[in-house]
Amino acid sequence: MSIYKNIFIVYYSGTGNSKRVSEWIAGIAKEKGLNVFLFSYQEFINAPRPELTGKTLIGLCSATHGFNLPHSFIKLIFRFKLYPNSDVFIINTRAGMKLGKIFLPGLSGITQFLPALVLFFKGYKVVAMQPVDLPSNWISIHPGLKEKVVNSMYLKWKEKIKVFTENILNGKGTYIDSFIYLPLDILVAPIALGYYFVGRFVLAKTFIATDKCNKCGICIESCPTKSIKYIDDRPYWKLTCESCMHCMNYCPQRAIETPHSIVIPLIWLISVVINPFVAKHALIIIKNHFLFSQKLSENIISVVGMLVTIFSFVLTYYVLHFLLRYKYFNKLITYTSLTKFNFWRRYKIPN
Ligand SMILES: Cc1cc2nc3c(=O)[nH]c(=O)nc-3n(C[C@H](O)[C@H](O)[C@H](O)COP(=O)(O)O)c2cc1C
Ligand code: SF4
Ligand code: SF4
């Protein structure tokens with residue numbers, strides 16, 4: 001018998017890891033006779049909220065993006081006010097890896113402590129926090145893991161989640177795994193800010209559709225943030241893209257690539273040429289025209305650098321998208337994208 005009558009889970013999942021973990025928990029809760037409500041982020045914002053009586057356990061389960069929650073899920077957490085004073089558990093799936101027989105964990109950064117804090121101040125009781133190390137889906141920067149490795153991670157975590165679920169349903173919360181990684185998570189926390197204010201916009205501009213695209217529209221339809229539209233009769237990625245990796249991993253034509261031959265030189269150009277040039281001149285302007293302290297001037301220059309970085313990516317992407325209409329340019333970009341080659345696998349969850 002569980003101490004709860006209802007369990008209400010909301011998950012944000014690009015490629016299925018967080019969805020699968022939520023389904024495991026929902027399945028066990030159902031077997032134990034709880035009323036189970038399972039919503040994806042998109043379903044949750046559109047669906048009517050059921051009236052619940054009896055003690056409710058709320059589960060929030062999300063992918064980790066840049067040591068943080070995805071932007072949509074952060075918004076959801078800040079606006080969350082359902083079933084006040086309920087117990088809450090927080091799960092984040094993150095980039096597990098495997099070296100030989102050794103499973104390596106990902107890093108959560110603020111993915112757990114940010115929602116825990118926000119929900120605590122809203123009056124919820126956070127009874128458990130659990131990072132889950134499933135395969136990394138970030139195939140813009142590395143090939144998808146081998147099927148055998150993916151399966152072994154899934155087998156391991158299915159068992160661990162079973163124990164976790166039985167414990168929380170019996171009122172035995174846990175924070176151990178979250179606290180073990182706390183020093184490392186604190187160390188990378190500043191990067192979460194960089195990712196949130198710059199990284200995610202830059203990454204939104206690292207997807208192209210090659211000539212293999214047959215305009216089936218599946219990526220447009222299935223994008224959780226509706227961030228792809230047709231421009232010039234080809235998919236075009238908007239700044240609202242959260243790099244959940246769904247489109248790239250699940251395009252039936254394998255037509256979506258990351259144009260490494262553009263992205264890598266552009267990062268070099270921005271960090272070695274453009275930003276130092278802008279910083280030098282911005283500093284001269286600030287010194288000549290304003291009476292700002294050194295610290296304030298440095299902060300202003302950092303913000304300018306961030307804006308320049310985003311603007312450079314947006315502009316380059318716009319030109320790139322235009323040029324991709326030319327067959328030979330399209331081929332050149334396609335064959336200089338690492339993601340194009342067969343050794344660069346896509347990531348799929350088991351079954
Ligand atoms: C843009 C992006 C950023 C990511 N950042 C992190 C990270 O900071 N730490 C981490 O451990 N995993 C990170 N990952 C890996 C995913 O969080 C991980 O694969 C997750 O299980 C994916 O869940 P999903 O299939 O439910 O979308 C990142 C993945 C992507 C695509
Ligand atoms: S899913 Fe692939 S083939 Fe279909 S429209 Fe998108 S990029 Fe083109
Ligand atoms: S455009 Fe692709 S990567 Fe971006 S949010 Fe949509 S499905 Fe995810």
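At what angle do helix H7 (residues 182-204) and helix H11 (residues 294-323) pack, and how far apart are their axes? In this predicted model, local features need pLDDT of at least 70 and side-chain atom pairs count only at pLDDT 80 or more, while totals for chains, interfaces and linings use all residues. Residues are numbered from 1 along each chain as its sequence is written, and chains are lettered from A and ligands numbered from 1 in the order in which they are written.

H7 and H11 pack at about 10°, and their axes are 9 Å apart. Helices (H or I, at least four residues) and strands (E, at least two) are DSSP runs numbered from the N terminus; axes are lines fitted to C-alpha atoms, for helices over the stretch in contact, and angles run from 0 to 180 degrees between N-to-C directions. H7 is therefore roughly parallel to H11, where angles under 35 degrees count as roughly parallel, over 145 as roughly antiparallel, 65 to 115 as roughly perpendicular and the rest as oblique. On the H7 side, Phe 197, Val 198, Phe 201 and Val 202 meet Met 306, Thr 309, Ile 310 and Phe 313 of H11, contact being defined by C-beta atoms, placed from the backbone, within 7 Å. This contact of H7 with H11 comprises seven nonpolar residues, one polar and no charged. Ala, Val, Leu, Ile, Met, Phe, Trp, Tyr, Cys and Pro count as nonpolar, Asp, Glu, Lys and Arg as charged, and the others, Gly among them, as polar.

H11 also packs with helix H10 (residues 260-289), the two axes coming within 9 Å and crossing at roughly 140°. H10 and H11 are therefore oblique to each other. The contact of H10 with H11 has 15 nonpolar, six polar and no charged residues.

A further helix pair is formed by H1 and helix H5 (residues 147-169), with axes that come within 10 Å and cross at roughly 50°. H1 is therefore oblique to H5, and the crossing of H1 and H5 is right-handed. Val 21, Trp 24, Ile 25, Ile 28 and Ala 29 of H1 make the contact with H5 residues including Lys 158, Ile 161 and Glu 166. By class, seven residues of the contact of H1 with H5 are nonpolar, one is polar and three are charged.

Of the 26 residues around ligand 1, Ser 13, Ser 18, Ala 63, Arg 94 and Gly 106 come nearest, a residue being near if its C-beta atom, placed from the backbone, lies within 6 Å. Helix H1 (17-31) and strand E4 (87-99) each supply at least two residues of this shell, which has nine nonpolar, 15 polar and two charged residues. Ligand 2 is surrounded by 13 residues, with Cys 213, Cys 216, Cys 219, Cys 251 and Gln 253 the closest. Around ligand 3 there are 14 residues, the closest being Cys 223, Cys 241, Cys 244, His 246 and Cys 247.

Methods:
Two residues are in contact if their C-beta atoms, placed from the backbone, lie within 7 Å. A crossing is left-handed if the near helix is turned anticlockwise from the far one by less than a right angle, and right-handed if clockwise.
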